[in-house]
Amino acid sequence: MFMSVLSGLIVSIDAFFIGLSLGLQKRCRFLHLAVINIFLLILCIIGYLIAGQIYEFIEIDTDLIVGFSFIALGLWCIFQYFISEHIKRRKGSEKEINASLKTIILVGLVMSVEAMMITMGITFIFIPGSTFIIPITVALAHFGYSVISFYLARTKYAKRIPLAFNHIISGSALIIYGLMALFVELTI
């Protein structure tokens with residue numbers, strides 16, 4: 001059970017940077033973050049229930065599916081930032097655009113679906129001993145990390161953090177978890 005809780009805490013670290021980016025947006029309020037995390041909790045519970053039901057139908061090793069999925073997701077986070085920065089430089093647009101309510105909702109949906117996938121991945125890996133603590137840990141870790149960073153972003157110190165740092169750390173956390181998933185048999 002300790003490893004499943006630790007996994008939930010490690011892969012939820014990207015919520016810190018999502019909360020940080022939302023906190024830097026003047027339009028985003030704490031209420032938006034709370035609603036996102038309530039929806040996230042619901043999707044984590046659904047992900048846990050779905051994973052328990054479909055586990056028996058998956059014919060290949062679920063550790064491989066989870067590992068490579070999270071490595072790909074982490075690499076996508078990192079490369080997506082650098083590609084968007086390259087496009088922005090080519091267009092000559094250095095002006096930062098404040099997020100609209102639609103963008104905040106989209107970020108919340110992506111964060112919630114990603115948390116559901118995290119829950120499913122952890123459940124697949126620890127399926128014989130998986131408990132309801134997995135979706136709760138993932139949801140609470142997402143909430144805790146995002147709230148701390150949301151309020152941190154409202155301080156003058158967080159405004160100095162380079163945007164690339166957010167994406168690289170977030171992507172690296174997902175890659176590390178993917179590698180842990182691939183080699184879980186060695187650690188158990």
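Helices (H or I, at least four residues) and strands (E, at least two) are DSSP runs, numbered from the N terminus.

View 1. Along the sequence, the protein chain follows the pattern α-α-α-α-α-α-α-α, with eight helices and zero strands. The model is predicted, and local features need pLDDT of at least 70, side-chain atom pairs count only at pLDDT 80 or more, while totals for chains, interfaces and linings use all residues. Residues are numbered from 1 along each chain as its sequence is written, and side-chain values use heavy atoms, with hydrogens and water left out. Of the 188 residues of the protein chain, 43% count as buried, where buried means under 20% relative accessible area, exposed over 50%, and partly exposed in between (1.4 Å probe, protein chains only). Contact means heavy atoms within 4.5 Å, and among contacts in the protein chain between residues at least 6 apart in sequence, 93% join residues at least 24 apart.

**View 2. Helix α3 (residues 30–54) packed with helix α6 (residues 133–153).** Two packed helices are described by the angle between their axes and the distance between the axes. Axes are lines fitted to C-alpha atoms, for helices over the stretch in contact, and angles run from 0 to 180 degrees between N-to-C directions. For α3 and α6 the angle is about 160 degrees, and the axes are 8 Å apart. α3 is therefore roughly antiparallel to α6, on a scale in which angles under 35 degrees count as roughly parallel, over 145 as roughly antiparallel, 65 to 115 as roughly perpendicular and the rest as oblique. The contact is made by F30, L33, N37, L40, L41, C44, I45 and Y48 of α3, together with P135, I136, V138, A139, H142, F143, S146, V147, F150 and Y151 of α6. These residues divide into 15 nonpolar, three polar and no charged, with Ala, Val, Leu, Ile, Met, Phe, Trp, Tyr, Cys and Pro counted as nonpolar, Asp, Glu, Lys and Arg as charged, and the others, Gly among them, as polar. The crossing of α3 and α6 is right-handed; a crossing is left-handed if the near helix is turned anticlockwise from the far one by less than a right angle, and right-handed if clockwise.

**View 3. Helix α2 (residues 14–23) beside helix α5 (residues 101–125).** These two helices pack at an angle of about 175 degrees, with their axes 12 Å apart, and α2 and α5 are therefore roughly antiparallel to each other. From α2 the contact draws on D14, A15, I18 and L22, and from α5 on I104, V107, M111 and E114. Sorted by kind, the residues of this contact of α2 with α5 are six nonpolar, no polar and two charged.

**View 4. Helix α2 against helix α6.** The angle between α2 and α6 is about 35 degrees and their axes lie 7 Å apart, while the crossing is right-handed. On the α2 side, D14, A15, F16, G19, L20, L22 and G23 meet H142, Y145, S146, I148, S149, F150, L152 and A153 in α6. The residues of this contact of α2 with α6 divide into nine nonpolar, five polar and one charged.

**View 5. M111, a residue of helix α5.** M111 counts as buried because its relative accessibility is 0%. Not counting residues up to four places away in sequence, M111 touches A15, I18, I36, N37, L40, H142 and S146. The C-alpha atoms of M111 and I36 are separated by 8.2 Å, although the two residues are 75 residues apart along the chain.

**View 6. Helices α4 (residues 62–91) and α6 along their length.** Helix α4 has 30 residues and reaches 43 Å from its first C-alpha to its last, close to the 44 Å expected at 1.5 Å a residue, the expected span being 1.5 Å times one less than the number of residues. Helix α6 has 21 residues and reaches 29 Å between the corresponding atoms, close to the 30 Å expected. Buried residues of α4 include F70, I71, C77, I78 and Y81, and those of α6 include P135, V138, H142, S146 and F150.

**View 7. M180, in helix α7 (residues 163–182).** At 25% relative accessibility, M180 counts as partly exposed. Leaving aside neighbours within four places in sequence, M180 is in contact with S7 and I10. M180 and S7 are 173 residues apart along the chain, and their C-alpha atoms are separated by 8.6 Å.
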